[in-house]
Amino acid sequence: MLFLIIKRILLGLITLFIVSLITFVGTEILPGDACTTYLERQAFGEQLEACYRRLGLNIPAYERYVSWAVNAIQGDFGYSLSGEMPIKEVLGPRIKNSLVLASVAIFIGIPIALILGIVTALWRDKLPDVAISTVTIFAMTIPEFISATLLILIIAIWLEWLPGIVIVPTDVSFFELLPNIILPVIAIAMIMTAHMARMVRSSVIQVMASEYVQMAILKGVPYWKMVFKHVLPNALLPAINVVALTIAWLLGGVVVTEVVFNYPGLGRLVIESISNRDLPTVQALAIILASIYVSINLLADLMTLMLNPRLKTLQIRK
Amino acid sequence: MKLDNIYKEEKKSNFAKVSDIIITMASRPSGFIGLSILVFHVILAFISPFIAPYDFKAINPSLMLQAPSAEYWFGTDDLGRDVFTRTILGGRTALTITFFGSLIALLWGGLLGIFCGLVGGKTDDIVMRIVDAFLSIPWILAMLLIVSLLGTSTEVLIPALGFFYGKGIVRVARAATHDVIAKDFIVSARARGHSNFSIIWNEIIPNVRDAILVEGAMRWSWMLLGFSSLSFLGFGVSPPTPDWGLMISNARGLMSFAYWSVIAPIVGLSSLIIGINLTADAFAKALGIDRSTKAPV
């Protein structure tokens with residue numbers, strides 16, 4: 001068990017190491033370096049020299065990688081070209097804002113997804129299932145920018161219930177931020193909930209078809225007791241991984257939603273730093289988003305391990 | 001008698017097999033709807049240049065933001081261009097780029113996955129670590145970086161999309177290969193001294209083809225979503241080419257008084273993505289593969 005946990009953690013670290021290599025090599029082999037890309041037509045003479053010196057681009061690539069990696073581990077990602085300040089300081093409020101958005105969406109999304117998934121599975125192919133499944137298919141296939149745009153059009157413009165876009169500074173406090181995030185949260189939670197509900201549904205259906213549930217039915221265990229005691233605990237375990245992947249997607253992949261609502265989170269920083277051709281920030285974002293992805297998956301794996309008695313005994317036997 | 005039947009079953013031509021699958025797909029309501037939408041969009045993509053009533057790039061300031069009328073069915077946009085014309089033309093670039101992109105993704109992802117599944121060992125470990133690393137970088141960050149440094153031409157977009165949507169297929173193909181690799185026919189092919197290439201081509205591909213094709217079909221809809229998002233963010237098709245993502249992003253600022261110019265491309269893009277999705281689902285069910293437990297990777 002312990003060995004397995006250590007192995008998972010090591011694999012995660014190796015993945016992160018490769019990610020850092022990929023982002024470094026990637027920005028290295030694509031045409032232009034951070035300075036010429038950023039300065040564009042003014043990339044000559046004194047200005048270019050100064051930029052090179054600031055980023056330390058005049059030393060060999062592998063040395064630069066080592067020093068960058070050593071600093072990055074300590075939380076220092078270097079200097080943001082467009083922000084004119086250390087990347088650390090640019091990132092701080094952005095991460096906080098994205099976390100607020102994500103945690104509210106998760107907080108709302110997971111219970112709804114569980115209820116929808118269980119309802120659709122228990123009434124499989126009946127009216128509630130057909131209706132809810134149709135809606136979830138729509139919610140998860142339609143691109144984020146379309147559902148977000150439609151939300152703004154209907155709720156903000158036609159009904160005039162809520163403001164359409166977020167107009168707050170990046171470093172606003174939590175309670176000032178809250179009323180602004182309703183629409184972005186709905187847009188994100190919709191897609192997330194749809195994905196999770198479908199997963200829960202198929203998981204519950206699988207368990208319902210298993211032999212021990214059939215046995216319980218034959219023995220005359222009351223229906224709801226069977227559902228809550230025998231089906232759900234077993235059905236929700238595999239859902240943990242999907243929830244983790246969805247959360248990881250939520251933290252990194254909401255770029256488009258954040259742009260639509262003008263929300264000052266990590267996603268908009270991705271677009272801003274790429275439009276500004278600020279390669280050091282892009283590198284830092286790649287590493288941070290990848291670490292979030294890796295650690296959430298790791299957490300989900302560990303949780304599945306801890307909660308699954310079968311896996312535990314399996315490991316001991318081995 | 002019974003043997004005769006089995007023999008006939010195997011003698012079915014490829015054409016008959018494909019039409020069988022399509023009939024099975026269309027026999028479900030969702031599959032039928034999906035297939036009809038997809039066929040409609042493909043036909044539209046081919047004929048739209050011939051049926052478009054106006055020039056898609058003709059700017060006419062006197063016709064700015066006209067509401068839908070008999071003359072301009074979906075109204076006009078902020079530059080006085082006909083929204084109907086631009087909407088029926090808007091799917092061509094996206095369909096073409098993502099179709100070839102998914103072909104590339106299928107090919108490299110499928111082959112690499114099968115190869116890794118077959119050889120196993122160190123090579124497999126190393127390749128899978130790299131694939132994992134690529135999976136953990138958000139695709140949109142990588143795509144935006146590539147596009148902003150290399151440009152948004154088709155020659156950049158197709159391979160880049162093909163590459164980034166293929167890495168998930170590597171895993172699926174590898175898992176599917178693992179399922180067949182221990183079977184007797186592979187062991188006996190090894191014992192007969194067949195080369196890896198021959199085993200892959202004759203024994204593994206026929207057995208994992210279905211799983212990979214289904215995955216590819218699903219990737220196609222995700223790629224379309226990704227590509228439209230790029231266009232929406234201004235990193236995809238360059239104007240004045242009509243493209244739904246771009247049209248939505250342009251019309252968004254004006255939608256409080258000209259909602260028609262944003263609704264038309266939204267309907268176009270959503271229907272195509274839903275169509276491909278339903279088709280891919282029906283395709284999976286027709287081949288007997290359960291996709292519903294897959295996470296959104």
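Buried, in these notes, means under 20% relative accessible area. I'm working from a predicted model, so everything below is computed from that.

**Entry 1: B:Ile273**

I started with B:Ile273, since the cut-off applies to it directly. Its relative accessibility is 0%, so B:Ile273 counts as buried. I found the residue in helix 12 of chain B, which covers residues 260–286. Next I asked what B:Ile273 touches, leaving out residues up to four places away in sequence. The list has B:Ser221, B:Leu224 and B:Leu225 from chain B, plus A:Thr141 and A:Pro143 from chain A. I also checked B:Met223: its C-alpha sits 9.7 Å from that of B:Ile273, though 50 residues of sequence separate the two.

**Entry 2: chain B overall**

The C-alpha trace spans about 80 × 50 × 30 Å along its principal axes. Of its 297 residues, 51% count as buried. I looked at contacts between residues at least 6 apart in sequence, and 71% of those in chain B join residues at least 24 apart.

**Entry 3: helix 10 of chain B**

How far does helix 10 of chain B span between its end C-alpha atoms? I get 45 Å for residues 196–233, whereas a straight helix of 38 residues would span 56 Å. I went looking for a bend and found one of about 60° at B:Ile205. A proline, B:Pro206, follows within four residues of that spot. Just past the end of the helix, B:Gly234 takes a positive phi of about 90°.

**Entry 4: chain A overall**

On to chain A, where I count 16 helices and two strands. Buried residues make up 50% of its 318 residues. For contacts between residues at least 6 apart in sequence, 74% in this chain join residues at least 24 apart.

**Entry 5: helix 5 of chain A**

Helix 5 of chain A takes in residues 87–122, which is 36 residues. From first C-alpha to last it reaches 50 Å, close to the expected 52 Å. I did note a bend of about 25° at A:Gly109, with the proline A:Pro111 following within four residues.

**Entry 6: helix 9 of chain A**

Helix 9 of chain A has 27 residues and reaches 37 Å end to end by C-alpha, close to the 39 Å expected. Is this helix enclosed or exposed? I find 21 of its 27 residues buried, so helix 9 is largely enclosed by the rest of the structure.

I picked out A:His195, which is in this helix. Its relative accessibility is 17%, so A:His195 counts as buried. A:His195 and A:Thr141 are 54 residues apart in sequence, but their C-alpha atoms are 9.6 Å apart in space.

**Entry 7: helix 9 against helix 11, chain A**

Two packed helices are described by the angle between their axes and the distance between the axes. For helix 9 (residues 182–208) and helix 11 (residues 223–236) of chain A, the axes come within 9 Å and cross at roughly 115°. I noted the crossing of helix 9 and helix 11 of chain A as right-handed. On the helix 9 side the contact uses A:Val200, A:Ser203, A:Val204, A:Val207 and A:Met208. Among their partners in helix 11 are A:Tyr223, A:Met226, A:His230 and A:Leu236. The residues of this contact divide into ten nonpolar, three polar and no charged.

**Entry 8: A:Asp129**

Where does A:Asp129 lie? It is in helix 6 of chain A, residues 127–141. I get 2% relative accessibility, so A:Asp129 counts as buried. Not counting residues up to four places away in sequence, A:Asp129 touches A:Thr120, A:Trp123, A:Arg124, A:Thr134 and A:Arg201.

**Entry 9: A:Asn262**

Most residues other than glycine have a negative phi. A:Asn262 is not a glycine, yet its phi is positive, about 60°. I placed A:Asn262 in the loop between helix 13 (255–261) and helix 14 (266–275) of chain A. With a relative accessible area of 28%, A:Asn262 is partly exposed.

Terms used. Residues are numbered from 1 along each chain as its sequence is written. Chains are lettered from A and ligands numbered from 1 in the order in which they are written. This is a predicted model: local features need pLDDT of at least 70, side-chain atom pairs count only at pLDDT 80 or more; totals for chains, interfaces and linings use all residues. Side-chain values use heavy atoms; hydrogens and water are left out. The expected span of a helix is 1.5 Å times one less than its number of residues. The bend at a residue is the angle between axes fitted to the seven residues ending there and the seven starting there. Axes are lines fitted to C-alpha atoms, for helices over the stretch in contact, and angles run from 0 to 180 degrees between N-to-C directions. A crossing is left-handed if the near helix is turned anticlockwise from the far one by less than a right angle, and right-handed if clockwise. Contact means heavy atoms within 4.5 Å. Ala, Val, Leu, Ile, Met, Phe, Trp, Tyr, Cys and Pro count as nonpolar, Asp, Glu, Lys and Arg as charged, and the others, Gly among them, as polar. Buried means under 20% relative accessible area, exposed over 50%, partly exposed in between (1.4 Å probe, protein chains only).
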